[in-house]
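Q: I would like to learn how to read cavities and strands in a protein model. Can we go through one together?

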Amino acid sequence: MKRLMPLYRGLCSRARPNSALVGSRCGFCGTHSKPQPNFGLLFDIDGVLLRGRKLIPAAKKAFEKLVDSKGHFAVPLVFVTNAGNCLRQTKADQLSHILGVSITQDQVIMSHSPLRMFKKFHDKCVLVSGQGPVLEIAKNLGFNNVISIDMLRESFPLLDMVDHNRRPKLPSNAVGNLPKVEAVVLFGEPIRWETNLQLIVDVLLTHGNLSSLHQSQNVPHLPLLACNMDLMWMAEAQSPRFGHGTFLVCLENIYKKITGKDLKYEALMGKPSELTYHFAEFLIRGQAMQRQWKRPITSLYAIGDNLMTDIYGANLYNRHLEIRAARKSPKAKMAAATGSTTTVPAEDVVDNTWESELALPAATSCKSVLVCTGVYNPTAEVPSDASRCIKETVFHGHRDFRFDPALVEPGHIVQDVAEAVELIFEKEKFAPQ
């Protein structure tokens, strides 16, 4: 009998290679099979896990279900935040301390994280706006020639004139020892909005040369990359607070009022951008490979508190995945071979050049789960008719993302993050040991 045991063990390892059954006992060797998930979780932070610096009680309960006795996560997961005022490692350390579990920087996506893929700007002279260690953040992302708003203000002291107390006391000339700005990167809401708005507009209208006059001729402005489109976010206060999206509204309207033209973005990052969700999937696949889980990650669940960022973004990425699947279907291939374009509407075919920097998506769905512990107000209504939507008062999404009622409709609504995790495990028939 002993000579047959290796064969039985071989049968055990191959018996159900794709099974999600948990805690099943092998009849041959008596061992328990470990559950292997085929789904990943995307957690928003503010309003889902935290309110300011305070842990939402349900978050502790949720993570007790997600972490085993050895401190390992039972499923691959990432924390996707639109915050951009610190390094990923700093945010990972903060979360580890608050949640009481070990979290690495590879499990954290800040709004600026995808900037690593914009390598064509890494050697250009870029002006960065935001707060926190913006120069360190930029260099950590790969930018080699960085100028901050404060550095610009010191070199050109006559440009920042709103605050009378900060105006030069004596006549002064521009130092002008900085290189010409070639692109502008907006990490998040700055502290002195009037200074940042003035100098960013100056840079855009002088094409990076602040020693020159504003240019009124018809020329494209410098490349502008913006992270975090949240109009508002939830902290300890009873009502939501201004986010970077509010700053962007100010910048866009000032620029248009002065020039008569729309401000153009080279890229918009953070939720609800598809780029952020693709990057999240990339990290989740990496975790599954590191744990040597054999089952492919085919489903994503995004848990958030904001209809206009978390839910909109998850549903937008789900639509993107559906379009990809439709284009790969036999009908789509047949249509392409015959010259037909009826399978997928032309306006829905998105050419995402950033996909070349990441492996192509492997997931087939991204489901949205809305919690009621943050920005979302259960008593507010979302208009079903997009044509009747008053954007300024109802649609809090960014100007460049059109309002679509279907995209702000959550797949599920639960009270808190603990209920969200319980719901997902139930739907996936997943019970970690």
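Q: What volume does the largest cavity have?
A: On a 1 Å grid over the protein atoms alone, a cavity is a set of points where a 1.4 Å probe fits but cannot get out. Grid points are joined across faces, edges and corners, and the volume is the space filled by probe spheres set on the points. Here the largest cavity has a volume of about 50 Å³. Searching the whole structure gives 3 cavities of 30 Å³ or more.

Q: What kind of model is this, and how are residues numbered?
A: This is a predicted model, in which local features need pLDDT of at least 70, side-chain atom pairs count only at pLDDT 80 or more, and totals for chains, interfaces and linings use all residues. Residues are numbered from 1 along each chain as its sequence is written, and side-chain values use heavy atoms, with hydrogens and water left out.

Q: Which residues line the largest cavity?
A: Lining residues have an atom within 4 Å of a point. In this case they are Leu-42, Phe-43, Asp-44, Val-80, Lys-271, Tyr-277, Ala-302, Ile-303 and Asp-310. The lining divides into 6 nonpolar, no polar and 3 charged residues. Ala, Val, Leu, Ile, Met, Phe, Trp, Tyr, Cys and Pro count as nonpolar, Asp, Glu, Lys and Arg as charged, and the others, Gly among them, as polar.

Q: Which way do the residues of β6 point?
A: In a regular strand the side chains alternate between the two faces of the sheet. Strands (E, at least two residues) and helices (H or I, at least four) are DSSP runs, numbered from the N terminus. From β6 (residues 125-129), Cys-125, Leu-127 and Ser-129 point one way, while Val-126 and Val-128 point the other way.

Q: Which strands form the open sheet, and in what order?
A: Two strands pair if DSSP finds at least two bridges between them. The open sheet has 5 strands in the order β7-β6-β8-β9-β12, with parallel pairing. Its edge strands are β7 and β12 (267-269), each pairing on one side only.

Q: How many bridges join β6 to β8?
A: There are 4 bridges between β6 and β8 (residues 183-186), and Val-126 stands opposite Ala-183 in β8. β6 also pairs with β7 (residues 145-148) over 4 bridges, where Leu-127 has Ile-147 as its bridge partner.

Methods:
Buried means under 20% relative accessible area, exposed over 50%, partly exposed in between (1.4 Å probe, protein chains only). On a 1 Å grid over the protein atoms alone, a cavity is a set of points where a 1.4 Å probe fits but cannot get out, and a pocket is an open set with protein on both sides within 12 Å along at least five of seven lines; lining residues have an atom within 4 Å of a point.
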